[in-house]
Structure formats: structure tokens, C-alpha cells
Amino acid sequence: MGGSMTGLSSPHPTREIVPVSTHFVNLPDGFKLKCGGELQQARMAYETWGRLSPARDNAVLILSGLSASAHAASHGHDNTPGW
């Protein structure tokens with residue numbers, strides 16, 4: 001553990017800084033929609049902050065509805081406001 005990682009600094013030097021990162025997952029072709037349609041070659045983006053605990057009990061899922069952006073909140077790598 002350290003006080004900084006990739007240029008970030010923490011007010012709590014004993015805590016590890018885990019940078020926010022954006023990930024992508026390709027949905028299977030023919031992804032069925034509730035309205036009856038299907039998506040082809042769709043890709044979903046999501047952001048993560050921190051690390052998943054060993055018990056896997058510290059995750060929060062935020063759904064953006066119809067937003068075309070996965071950017072939920074500003075952070076050190078992207079200070080634009082999220083949705």
C-alpha cells in the first residue's frame with residue numbers, strides 16, 4: 001500500500017489509491033429487448049472505482065437508463081460531471 005499511484009495522492013497515506021477505469025463488454029448478437037427488438041453488435045461500457053472485497057459485498061450497480069455514457073461521476077482522471 002502506498003500514498004500515491006499513477007500521480008494521484010491520498011489524504012490517507014495508508015490507503016491504496018485505485019484509479020477509476022472504464023471497461024467494455026460485448027453483448028451477444030441477438031440480445032433481446034423487452035419491447036421485442038434485438039441488438040446486434042452492441043457494446044456496453046461501465047466504470048469501476050476501488051477494489052471488490054473478498055466477500056464481494058461492496059459493489060453498487062448504477063444503471064444509466066438511456067444515457068449513451070458510462071461516466072457516472074467526476075474523478076481525478078475525468079473531471080467532467082457525470083450524469
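In what order do the elements of the protein run from the N terminus on? They run β-β-β-β-β-β.

## Model and confidence

This is a predicted model, in which local features need pLDDT of at least 70 and side-chain atom pairs count only at pLDDT 80 or more, while totals for chains, interfaces and linings use all residues. Residues are numbered from 1 along each chain as its sequence is written, and side-chain values use heavy atoms, with hydrogens and water left out.

The average pLDDT (the predictor's confidence in each residue, from 0 to 100) is 73 for the protein, and 64% of the residues score at least 70. Over residues 1–10 pLDDT stays under 50, and the model has 19 contacts beyond four places in sequence for them; a contact means heavy atoms within 4.5 Å.

## Fold and surface

The protein has six strands and zero helices. Strands are DSSP runs of E of at least two residues, and helices are runs of H or I of at least four. Among contacts with a separation of 6 or more, 29% join residues 24 or more positions apart.

Of the 83 residues, 13% are buried (under 20% relative accessible area; exposed is over 50%, partly exposed in between; 1.4 Å probe, protein chains only). The protein exposes about 6,900 Å², 56% of it supplied by carbon and sulfur atoms; the areas come from the Shrake-Rupley method with a 1.4 Å probe.

## Side-chain interactions

The whole structure contains one salt bridge, defined as a side-chain nitrogen of Lys or Arg within 4 Å of a carboxyl oxygen of Asp or Glu. E38 and K32 form a salt bridge at 2.8 Å, N to O. E38 is partly exposed at 42% relative accessible area, and K32 is exposed at 63%.

R43 lies over the face of F24, 4.0 Å from the ring centre; the criterion is NZ of Lys or CZ of Arg within 6 Å of the ring centre and within 35 degrees of the ring normal.
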